[in-house]
Amino acid sequence: MGGFLHTRERGYAIKDIAKKLGLLYFGSVDHRNDDHEVIRGLTVSTTHKDRHYAVGSYDGYDIALVDRYDTNVIGRTKEKHNWAILQVTLHPDVMLPHIFVLPHDRTQRFQHLFLGLRQLQVIHGLTQQDYHAEFTQRYNMYAAGHQAPDVEQIITSDIARGIAARFWPHAIEIRDDKLFIYLTEHRLSQTVLGGSIEAALWLAETLDKKED
């Protein structure tokens with residue numbers, strides 16, 4: 001019963017923010033059958049379940065929201081995972097490198113997803129940027145080592161500091177032309193979702209301006 005109420009409360013928050021922003025709300029969707037764009041990123045899998053899916057345009061960007069559940073098995077241990085995911089479609093002139101910005105205290109919630117992406121590594125020591133302690137004390141930034149020079153041109157020290165102030169404790173992924181924000185709080189609210197959307201649009205606009 002508790003799990004059902006937990007899921008329903010998260011659905012209320014997503015449905016309310018979708019209505020406020022003018023997004024279409026679809027509820028649960030099946031990524032194998034339903035005719036909708038699957039939110040991909042690091043958490044996409046053959047076993048994930050998506051609930052409370054909403055999609056539309058807001059402030060010049062195509063955005064989507066979903067509450068994603070998945071289970072992974074390591075040996076005899078079964079772990080359940082839950083992320084509310086915000087996807088923003090960017091408008092870059094060139095394809096951006098794959099970047100993952102992960103809060104130190106959320107590593108366990110994501111580390112199983114990195115198993116198939118061994119090219120991703122922490123790149124702080126591979127860049128010339130002098131990242132502020134507000135960022136480095138909260139986040140690790142992952143990318144392919146050979147792309148570190150490109151990443152530091154995209155995520156400058158000023159942008160990294162803005163990320164630390166606006167997004168923590170959420171994780172961020174940039175992949176192809178998509179920006180993903182991962183919220184791992186057990187309880188969602190319009191305030192948390194609204195703040196995350198505002199921060200995501202700030203970062204999307206910042207990234208797009210750098211590509212002009």
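Predicted model: local features only at pLDDT ≥ 70, side-chain atom pairs only at ≥ 80, totals over all residues.
1. The model contains an open sheet of 9 strands with antiparallel pairing, and the strand order is 1-2-3-4-9-8-5-7-6. Strand 1 (24-29) and strand 6 (120-122) form the edges, each pairing on one side only. On average, neighbouring strands of this sheet are turned by 25° against each other, direction ignored. In general, strands of a sheet pair through backbone hydrogen bonds, either parallel or antiparallel.

2. The hairpin of strands 3 and 4. Strand 3 (residues 61-74) runs antiparallel to strand 4 (residues 77-89), and 12 bridges join the two. Within this pairing, Tyr-69 has Asn-82 of strand 4 as its bridge partner. The hairpin has 2 residues between the strands, and Gly-75 there takes a positive phi near 65°.

3. The other neighbour of strand 4. Strand 4 is also joined to strand 9 (residues 178-183), by 6 bridges in the antiparallel sense. In this pairing Gln-87 stands opposite Phe-180 of strand 9.

4. Strands 5 and 8. Further along the sheet order, strand 5 (residues 96-103) pairs with strand 8 (residues 171-176) over 4 bridges, again in the antiparallel sense. Here the bridge partner of Phe-100 is Glu-173 in strand 8.

5. The largest pocket. The space in the largest pocket is about 280 Å³. It is lined by 17 residues, of which Lys-80, His-81, Asn-82, Arg-109 and His-186 are the closest to its centre. Helix 1 (2-21), strand 4 and helix 2 (107-110) are the elements that give two or more residues to the lining. Strand 4 supplies the largest share, with 5 residues. By residue class, the lining of this pocket divides into 8 polar, 6 charged and 3 nonpolar residues.

6. The Glu-9 and Arg-187 salt bridge. The structure holds 8 salt bridges. In one of them the side chains of Glu-9 and Arg-187 meet at 2.9 Å, N to O. Glu-9 belongs to helix 1 and Arg-187 to the loop between strand 9 and helix 6 (190-210), so this pair ties together parts that are 178 residues apart in sequence. Glu-9 is partly exposed, with a relative accessible area of 38%, whereas Arg-187 is exposed, at 62%.

7. The Asp-105 and Arg-106 salt bridge. Asp-105 forms a salt bridge with Arg-106, and their closest N and O atoms are 3.0 Å apart. Asp-105 is partly exposed, with a relative accessible area of 48%. Arg-106 has a relative accessible area of 15%, and therefore counts as buried under the 20% cut-off.

8. The Arg-161 and Glu-134 salt bridge. The side chains of Arg-161 and Glu-134 also meet in a salt bridge, at 3.4 Å from N to O. This pair links distant parts of the chain, with Arg-161 in helix 5 (residues 157-167) and Glu-134 in helix 3 (residues 133-136), 27 residues apart. Both partners are partly exposed: Arg-161 has a relative accessible area of 41% and Glu-134 one of 27%.

9. As a general point, side chains of opposite charge can pair when their charged atoms come close.

Key. Residues numbered from 1 in each chain as written. Heavy atoms only, no water. Pairing = 2+ DSSP bridges. 1 Å grid on protein atoms, 1.4 Å probe; cavity = no way out; pocket = protein on both sides within 12 Å on 5 of 7 lines; lining within 4 Å. Points joined across faces, edges and corners; volume = space filled by probe spheres on them. Nonpolar A, V, L, I, M, F, W, Y, C, P; charged D, E, K, R; others polar. Salt bridge = Lys/Arg side-chain N within 4 Å of Asp/Glu carboxyl O. Buried < 20%, exposed > 50% of the residue type's maximum accessible area, 1.4 Å probe, protein only. Axes fitted to C-alpha atoms, helices over the stretch in contact; angles between N-to-C directions.
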